[in-house]
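Subject: Structure for you to look at

Hi,

Here is the structure I promised to send. My notes on it follow below.

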Amino acid sequence: MPPATTNSPTKQTAAPERSLVQRMDALQRANEIRTKRAQLKRDLKAGRHSIHQLLLKPPDYVETAKVVDMLLAVPKYGRVKVDKILRTCKISPSKTVGGLSERQRNELVSLLRR
């Protein structure tokens, strides 16, 4: 196989080098987000938080969470029901809460309120 040329579309660019301090800060932020999301899922399961409000006005730490993961945290919503809801609203299972369009967000909330 010939070596890749500089004009090759498959050329990989390396991620920028990060200092130890930068990596530790990023790790700490990621851990804080995971902790907050875990607590939110427990609150959803216990009924202390509304999935409707979460989808309509998501906090910053939920923006990058998968919609499917948030729905699965709600009582009485299992994999089959969640998959059916996402298909009905034409939402990809890999879609994040922050990546929902207004139409998808409103349609999803109205379907969940039934």
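The count of salt bridges comes to two. The rule is a side-chain nitrogen of Lys or Arg within 4 Å of a carboxyl oxygen of Asp or Glu. Some ground rules before the details. This is a predicted model, where local features need pLDDT of at least 70 and side-chain atom pairs count only at pLDDT 80 or more, while totals for chains, interfaces and linings use all residues. Residues are numbered from 1 along each chain as its sequence is written, and side-chain values use heavy atoms, with hydrogens and water left out.

Salt bridges

Side chains of opposite charge can pair when their charged atoms come close. Aspartate 43 pairs with arginine 48, with 2.9 Å between the closest N and O atoms. Aspartate 43 counts as buried because its relative accessibility is 17%. Arginine 48, at 58%, counts as exposed. The cut-offs are under 20% relative accessible area for buried and over 50% for exposed, with partly exposed in between (1.4 Å probe, protein chains only).

Glutamate 107 bridges to arginine 103, and here the closest N and O atoms are 2.4 Å apart. Both residues sit in helix α5, four residues apart, so about one helical turn separates them. Glutamate 107 is partly exposed at 28%. Arginine 103 is partly exposed too, at 44%.

Helices and core

Helices are DSSP runs (H or I, at least four residues), numbered from the N terminus. Helix α1 covers residues 20–46, which is 27 residues. From first C-alpha to last it reaches 39 Å, close to the 39 Å expected at 1.5 Å a residue. That expected span is 1.5 Å times one less than the number of residues. The buried residues of α1 are Arg37, Leu40, Asp43 and Leu44. Their cover includes α2 and α3. Glycine 47 follows α1 and has a positive phi, near 80°.

In α5 (residues 102–112), the buried residues are Gln104, Arg105, Leu108, Val109, Leu111 and Leu112. They lie on the same side of α5, because they cover an arc of only 165° around the axis. The arc is taken from the directions from the helix axis to the C-beta atoms. These buried residues pack against α2, α3 and α4.

The largest nonpolar core has 24 residues, and Ile51, Met70, Leu71 and Leu108 touch the most other members. Such a core is a set of buried Ala, Val, Leu, Ile, Met, Phe, Trp, Tyr and Cys residues joined through side-chain atoms within 4.5 Å. α1, α2, α3, α4 and α5 each give two or more residues to this core. Neighbours within four places aside, the contacts of leucine 108 include Leu55, Leu71 and Ile85. Contact means heavy atoms within 4.5 Å.

Loops

Threonine 64 lies in the loop between α2 and α3. It counts as exposed, at 56% relative accessibility. Beyond four places in sequence, threonine 64 touches Arg37 and Thr96. Its side chain makes a polar contact of 2.4 Å with that of arginine 37. A polar contact is a pair of N or O atoms within 3.5 Å; within protein, one must be able to donate a hydrogen and the other to accept it, and residues adjacent in sequence count only if both atoms are side-chain atoms.

Lysine 76 has a positive phi of about 75°. It is in the loop between α3 and α4.

Best wishes
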